[in-house]
Amino acid sequence: MKLYITKASPYARIVRTVVLEKGLADRVEMISARTRETDSPYYGVNPSGRVPYLVRDDGVGMEESGVICVYLDHLDGNPVFDPPGGAQGWEVLRLDALARSLLDGLAVWGREGRRPVQEQSPTILVHEAQRATRMLDRWEREIGNPVMDGPLNLAQITLASALGFTLFLPELEWRKGRRRLSDWFDRVSTNPSLAATAPQTRR
Ligand SMILES: N[C@@H](CCC(=O)N[C@@H](CS)C(=O)NCC(=O)O)C(=O)O
């Protein structure tokens, strides 16, 4: 299989983490895609131009990090990331969605901040900064949920990827006043699969 990624993409990181957790590194070739470039050859592979994108062994391509994670998790017939039944399962899904919502906003903010200064929208930058603040305050309250502790699940991976992406948004200073979330992030980041996929440098 081929997984198209960029090293800085937090969505690709979610899938890269699952690849490692599932012991699939030998079966999944990582390919760096040239995204957001006029006429990138990558558009011939994935017309949306987004990463992550998995080209399966049967040649069929799949978008969306969440969908790709479920596919990879089920390949061996022994899925470990399916939410458990009952209330606990809904908590995993609810918190994964809450983490994705934070991540989606951070991604818009990061994208806007990378545009040439004269093309940046101050309105979008302020809107996303305020959204991030609200969402991080909410996470400071939610992080004690038992779902966010114990064996790695998709809610934890998504939140770790979202918080890891703040490397590219240093002005956010998200750790200030959020001790529990900050401690959680430091703890979860020691997981070998998350450590191996952490963004390393400014883009
Ligand atoms: N909902 C998608 C989001 C993927 C996404 O937005 N990826 C960004 C990188 S972080 C991208 O490829 N952007 C390139 C573009 O918009 O052209 C997922 O979960 O996979």
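**Around the ligand**

Modeller: This is a predicted model. The ligand is surrounded by S9, P10, Y11, T35, R36, G49, R50, V51, P52, E64, S65 and A107.

Colleague: How many of the residues in that shell are nonpolar, polar and charged?

Modeller: The shell around the ligand has 5 nonpolar, 4 polar and 3 charged residues.

Colleague: Next, the helices. At what angle do α1 and α2 cross?

Modeller: Roughly 10°. Helix α1 spans residues 10-21 and helix α2 spans residues 65-74. Their axes come within 9 Å. An angle under 35 degrees counts as roughly parallel, so α1 and α2 are roughly parallel to each other.

Colleague: Which residues meet there?

Modeller: From α1, Y11, I14, V15, V18 and V19. From α2, S65, I68, C69, L72 and D73. The residues of this contact divide into 8 nonpolar, 1 polar and 1 charged.

Colleague: Which residues of α2 are buried?

Modeller: S65, I68, C69 and L72. They cover an arc of only 105° around the axis, so they sit on the same side of α2.

Colleague: And what covers the buried residues of α2?

Modeller: The cover includes α1, β3 (53-55), β4 (61-62) and α5 (154-165).

Colleague: Changing topic: where is L95?

Modeller: In helix α3, residues 86-114.

Colleague: Why does L95 count as buried?

Modeller: Because L95 has 22 C-beta neighbours inside 10 Å, and 20 or more makes a residue buried.

Colleague: What does L95 touch?

Modeller: Leaving out residues up to four places away in sequence, L95 touches E142, N145, V147, M148 and A155.

Notes: Residues are numbered from 1 along each chain as its sequence is written. This is a predicted model: local features need pLDDT of at least 70, side-chain atom pairs count only at pLDDT 80 or more; totals for chains, interfaces and linings use all residues. Axes are lines fitted to C-alpha atoms, for helices over the stretch in contact, and angles run from 0 to 180 degrees between N-to-C directions. Helices (H or I, at least four residues) and strands (E, at least two) are DSSP runs, numbered from the N terminus. Angles under 35 degrees count as roughly parallel, over 145 as roughly antiparallel, 65 to 115 as roughly perpendicular and the rest as oblique. Two residues are in contact if their C-beta atoms, placed from the backbone, lie within 7 Å. Ala, Val, Leu, Ile, Met, Phe, Trp, Tyr, Cys and Pro count as nonpolar, Asp, Glu, Lys and Arg as charged, and the others, Gly among them, as polar. A residue is near a molecule or strand if its C-beta atom, placed from the backbone, lies within 6 Å of it. A residue is buried if 20 or more other C-beta atoms lie within 10 Å of its own, exposed if 12 or fewer, and partly exposed in between; C-beta atoms are placed from the backbone. The arc is that of the directions from the helix axis to the C-beta atoms.
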